[in-house]
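Please keep the sequence and the structure in view while reading.

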Amino acid sequence: MNIIIDVKEKELDVEVKVSGEIDAYTAPKLRERIYSFSEQEGIKMIIDLSDVNYMDSTGLGVFVGIFKNVRANNGEFKLIGLSNRLIRLFEITGLADIIDINSKIEGGIQ
């Protein structure tokens, strides 16, 4: 149960690539690594989950917290590359109606 978190930052654009599993063990590592970005006014955060093969409710909680913080600071938050299983998880919980889980990236850091 490991997680790899790769962050690319350019001014107010932050791209995060997550690989592995997001569960009770790894979710705190993810939160610790990226939460501070969500506190920046006007941040644009894109999180790529295309290499995440498992996520539980702890992972959902991390993303909800970061999403709320980004929005409170007038920023944008998007999750991309979700597998059908992860999309279903967001749909079942109703989070797909709140958080942008678009599967395609538009723009991004050059």
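**The sheet and the elements packed on it**

In this predicted model, β2 and β3 run parallel and are joined by 9 bridges. Within this pairing, Ser-19 stands opposite Asp-51 in β3. Strands of a sheet pair through backbone hydrogen bonds, and the pairing may be parallel or antiparallel. The antiparallel case is also present here, for β1 and β2 are connected by 8 bridges and run antiparallel. Lys-10 has Asp-13, in β2, as its bridge partner. These two strands, β1 and β2, form a hairpin with 2 residues between them. Glu-11, in the turn of that hairpin, has a positive phi of about 55°.

Taken as a whole, the sheet is open and consists of 4 strands in the order β1-β2-β3-β4, with mixed pairing. At its edges lie β1 and β4, each of which pairs on one side only. From one strand to the next, the twist averages 15°.

Between β2 and α1 there is a loop, and Thr-26 is located in it. Is Thr-26 buried or exposed? Its relative accessibility is 0%, and Thr-26 therefore counts as buried. The side chain of Thr-26 reaches the backbone oxygen of Glu-21 at 2.6 Å.

Helix α1 comprises residues 27-34, and its buried residues are Ala-27, Leu-30 and Ile-34. Because these residues cover an arc of only 60° around the axis, they lie on the same side of α1. The spacing follows a general rule: an α-helix has 3.6 residues a turn, so residues three or four places apart point the same way. Which elements do the buried residues of α1 pack against? They pack against β1 (3-10), β2 (13-22), β3 (44-55) and α2 (57-72). The helix α1 itself lies across β1, β2 and β3, and runs at about 10° to β1.

Helix α2 may be followed from its start. There, a side-chain oxygen of Asp-56 comes to within 2.9 Å of the backbone nitrogen of Thr-58. The 16 residues of α2 should span 22 Å at 1.5 Å a residue, and this agrees with the end C-alpha atoms, which are 22 Å apart. Buried in α2 are Gly-59, Leu-60, Val-62, Phe-63, Ile-66, Phe-67, Asn-69 and Val-70. The cover over these buried residues of α2 includes β2, α1, β3, β4 (76-80) and α3. After α2 comes Asn-74, which has a positive phi near 60°.

With a relative accessible area of 14%, Leu-95 is buried, because buried means under 20%. What does Leu-95 touch, if residues up to four places away in sequence are not counted? Its contacts are then Leu-60, Val-64 and Phe-90. One of these, Leu-60, is among the buried residues of α2. Although Leu-95 and Val-64 are 31 residues apart along the chain, their C-alpha atoms are separated by 8.3 Å.

Conventions. Residues are numbered from 1 along each chain as its sequence is written. This is a predicted model: local features need pLDDT of at least 70, side-chain atom pairs count only at pLDDT 80 or more; totals for chains, interfaces and linings use all residues. Side-chain values use heavy atoms; hydrogens and water are left out. Buried means under 20% relative accessible area, exposed over 50%, partly exposed in between (1.4 Å probe, protein chains only). Contact means heavy atoms within 4.5 Å. The arc is that of the directions from the helix axis to the C-beta atoms. A polar contact is a pair of N or O atoms within 3.5 Å; within protein, one must be able to donate a hydrogen and the other to accept it, and residues adjacent in sequence count only if both atoms are side-chain atoms. The expected span of a helix is 1.5 Å times one less than its number of residues. Two strands pair if DSSP finds at least two bridges between them. Axes are lines fitted to C-alpha atoms, for helices over the stretch in contact, and angles run from 0 to 180 degrees between N-to-C directions.
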